[in-house]
Amino acid sequence: MSKEYAILPCNGLDKLAGYVTREIALRLAEETGSEIICPTFYRVSDARYNKVASEKPLLVIDGCGTRCAGKLAAEKGLKITEKINVTDESKKFGIKIGSGLRMGEDEFKLAEMIASDLLREDAIPPAGQDSKSAVIMPESLEYEIYQKDKFIFRLPKAGFYFNENDCWAYVSGNKARIGVTDYVQKSLSDIMFFTPPEVGSEIEQFGEAGSIESGKAVFEIICPVSGVVTAVNEKLLDYPEYINDNPYEQGWIAELELTNFESDKEMLLQFEDYFKIMKKKVDEYHV
Amino acid sequence: MSKQVNIIPCSGIGKVHGLLAREIALRLVNEICSEEAKTECLGYIVTEDQEIADRIKASKCITIDGCPKMCAAKSVANVGGTIAEEVRIVDILKGYRGIKTGTATALNDDGWNIVDEAAEKLAIRVREIYGEE
Amino acid sequence: MATVKIGVISCSGEDCLGGTISRLATRKMMEEVRPGDAVTLCLPLFIAGGEEERGFAEAHPTITVDGCSKWCAKRATERLSGKVSDAVQVEDIIGSEAARGSILSTRQLRPEHLEMVDKVTEEIKKKFDLIVEEFAEQAMTIKLC
C-alpha cells in the first residue's frame, strides 16, 4: 500500500546528516508520490506549502539535535504525524555518519535503511489519527482554571468524567479516551517514562491502566471506566512530556471499548464536583 | 587558534534539572574541557546587549536545558547563536531511571555521579566541535 | 493579618560567584525563611515565555536578586512584566571584588560562601517584610474606608 506524505526535511548543509536527510526525502517521494516541502522556501512564504502540509500526514526529518525542521513545523503550527532524527537513527542502525560533506557508501546505506523502515505498512498512521485511535474529540476544549501561586491548573468544563484518583474519561459512543488531570502532571513535574496498558487487555473500573513516571514518583493510572483497551498513545513512548504540555489533548493515555459504562458513571464525577476536589488537593499539596 | 565552544545551561531555579544542567556545564568548562569550552550566563544573553550577542554568535553553542521548555536553546537562537547540539537533562535522566538526584538547591551523591558521567560524554562532542572550528 | 505572596527572581548566575550566591539566597528564602509566601520565579522560563512565571509577576509584587552589576534579573523583569517592587544587588552586600570572583559550583561551597548566602538572604528578607507590611497597611486602609 502506498502512503503519501508531506515531507519536511531540514536543510542541513554543514553536516553530512543533512545530506542523508535529503536522500531519505527523495527516496520516499519516489516510492510514494509524496511531496517534499522546501524548508527554506517555506520559511519565507507560506502560500505554496500550507495546503499540502495540512492535507497530508506530515513527516519531519531532522539531521541533528538542532531540529530545524521540527522547529519550523512548530512555528507554522503544523500537526506532525511522525518525526525522525537521522543522528538518532544512525545509532539505532549502527551506522556511523562520516565527518565530511560528501555522501559515501555508509550514508547511502543508512538513507536506504531509514526510508525502508518508514515505508513499512504499520510505520506511519494516516493523517489526523494516532495508531488505531477511534474516539472523536472536540476541536477545542474550554477550560476552567484554578491558580495557586504561579501554578495554573486547568480542567475541561464539558464532556469529561473524572475519578477521585485524578484520571479522566471522555466518552464517545461506545468508546472512551482516558488520561490524567493537570493536578497529576504538575505534581509529577517532568514526566520521563510511560508504561502503557496492553492493547487488547480488559480493565475493570478503577483497575490499573499503565503508569507514568517522573524523577519524583511513579503514578499508576487508575482507569475511570471498564473496558477493553483498543489503542494507546504511542507518541508518549518517545515524548512523554506531551502529558505535561496538555494532558487532555496530545497527552491522552489510552482508548477503551466500554463494557459497563451505564453502571461505571454512577461512580464518576463531573466537572463541578471534581473541580472542588482538585482545588482542595492543590491547596493542601505544595507543588 | 580554535574558538572555544559556548556551553549555555538553562540554570532553571525551580527544579533539580536546572541545577543538573548548571553543574554539568561548570564541570565541563572548569575541569574537563577548560581549554575547549566556556560558559556564558543565560540571564545576560537574554538582555540582548550587543556585547554578549557578539560573543554568542562568534562560536558554536551547546545548550543544556533542564526541561522540555528549552529556555536556553530558545534564548540562544533568539540572539542569533548557532546551536551545534541541544542537550536535554530529561533525556539524560532517562538512562538513570528510578534514581533521585537531590533538590533544586543541592544535588545528592547520585546527582553528582550523573553530572560527572554526563559531562564526560558531552566532552567528546565538545572536542569534536572545537576541532571543527 | 493580610498576607501577600511575593515573587523572588534570581539572576541565572553563570558569570561569577555573585550569581551562585544569588541563586542560593533565593532558594533559602523560599525553602526556609518565608516558605509558602516567597515564590521563586525561574528567570529563563520567565524570559522564554513561561505563562505562569509572567502571569504571577504581573499580578504580584516582585523582588529581583542580581549577582552582579549587569542587573539581568531586574532588567528582564522590568521589560517583561513592569516595575519590580524592590531589587537586591549582591555586590552591594558582599563587595564587588568577592561578587565578581570565579563562578562557583555548589560542590565547592565553603563556610564563608554560606555566610555570604545568609547575608544576602537577610537583605532579601528585610525588603520582603517591608512589602508585606505595606500591603497590610493598604489592606487596613481599604477596610476602614
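**Chain C and its surroundings**

Chain B and chain C meet in a contact that takes 26 residues from chain B and 29 residues from chain C. The model is a predicted one. On chain B, the elements that give two or more residues to the side touching chain C are α1 (16-32), α2 (42-45) and α4 (71-78). The largest share of that side comes from α4(B), with 4 residues. Sorted by class, the side of chain B that touches chain C holds 14 nonpolar, 8 polar and 4 charged residues.

Chain C also touches chain A, where 6 residues of chain C are in contact with 4 residues of chain A. The most comes from α3(C), which gives 3 residues. The class make-up here is 3 nonpolar and 3 charged residues, with no polar ones.

Next comes the build of chain C itself. Its secondary structure comes to 7 helices and 4 strands. Read from the N terminus, the elements follow the order β-α-β-α-α-β-α-β-α-α-α. The C-alpha trace of chain C spans about 55 × 30 × 25 Å along its principal axes. What does the radius of gyration say about chain C? A compact globule with 145 residues would have a radius of gyration near 15 Å, and chain C has 15 Å, so the two agree. Of the 145 residues of chain C, 48% count as buried. As for contacts in chain C with a separation of 6 or more, 71% of them are between residues 24 or more positions apart.

The nonpolar cores widen the view. The largest nonpolar core has 86 residues, and I24(B), L28(B) and I64(B) have the most contacts inside it. The element that gives the most to this core is α1(B), with 9 residues. α1 of chain B is also one of the elements on the side of chain B that touches chain C. Leaving aside neighbours within four places in sequence, L28(B) is in contact with I7(B), C33(B), A37(B), A119(B), L122(B), A123(B) and V126(B). Another core lies apart from the largest one; this core has 39 residues, including Y170(A), Y183(A), V184(A) and W252(A).

Chain A is divided into domain 1 (6-118) and domain 2 (143-284). The C-alpha centres of these two domains of chain A lie 34 Å apart. Chain A has an open sheet of 6 strands, paired antiparallel in the order β7-β8-β9-β15-β14-β11. At the edges of the sheet stand β7 (160-162) and β11 (202-203) of chain A; each has a single partner strand, so one side of each is left without a neighbour in the sheet. Strands of a sheet pair through backbone hydrogen bonds, in either the parallel or the antiparallel sense. Within the sheet of chain A, strand β9 (residues 175-180) and strand β15 (residues 254-258) pair in the antiparallel sense over 4 bridges. In this pair, R177(A) stands opposite E255(A) in β15(A).

Note on methods:
Residues are numbered from 1 along each chain as its sequence is written. Chains are lettered from A and ligands numbered from 1 in the order in which they are written. This is a predicted model: local features need pLDDT of at least 70, side-chain atom pairs count only at pLDDT 80 or more; totals for chains, interfaces and linings use all residues. Two residues are in contact if their C-beta atoms, placed from the backbone, lie within 7 Å. Ala, Val, Leu, Ile, Met, Phe, Trp, Tyr, Cys and Pro count as nonpolar, Asp, Glu, Lys and Arg as charged, and the others, Gly among them, as polar. Two strands pair if DSSP finds at least two bridges between them. The radius of gyration is taken over C-alpha atoms; the globule rule is 2.2 Å times the number of residues to the power 0.38. A residue is buried if 20 or more other C-beta atoms lie within 10 Å of its own, exposed if 12 or fewer, and partly exposed in between; C-beta atoms are placed from the backbone. A nonpolar core is a set of buried Ala, Val, Leu, Ile, Met, Phe, Trp, Tyr and Cys residues joined through C-beta atoms within 7 Å. Domain bounds come from an automatic or database domain assignment.
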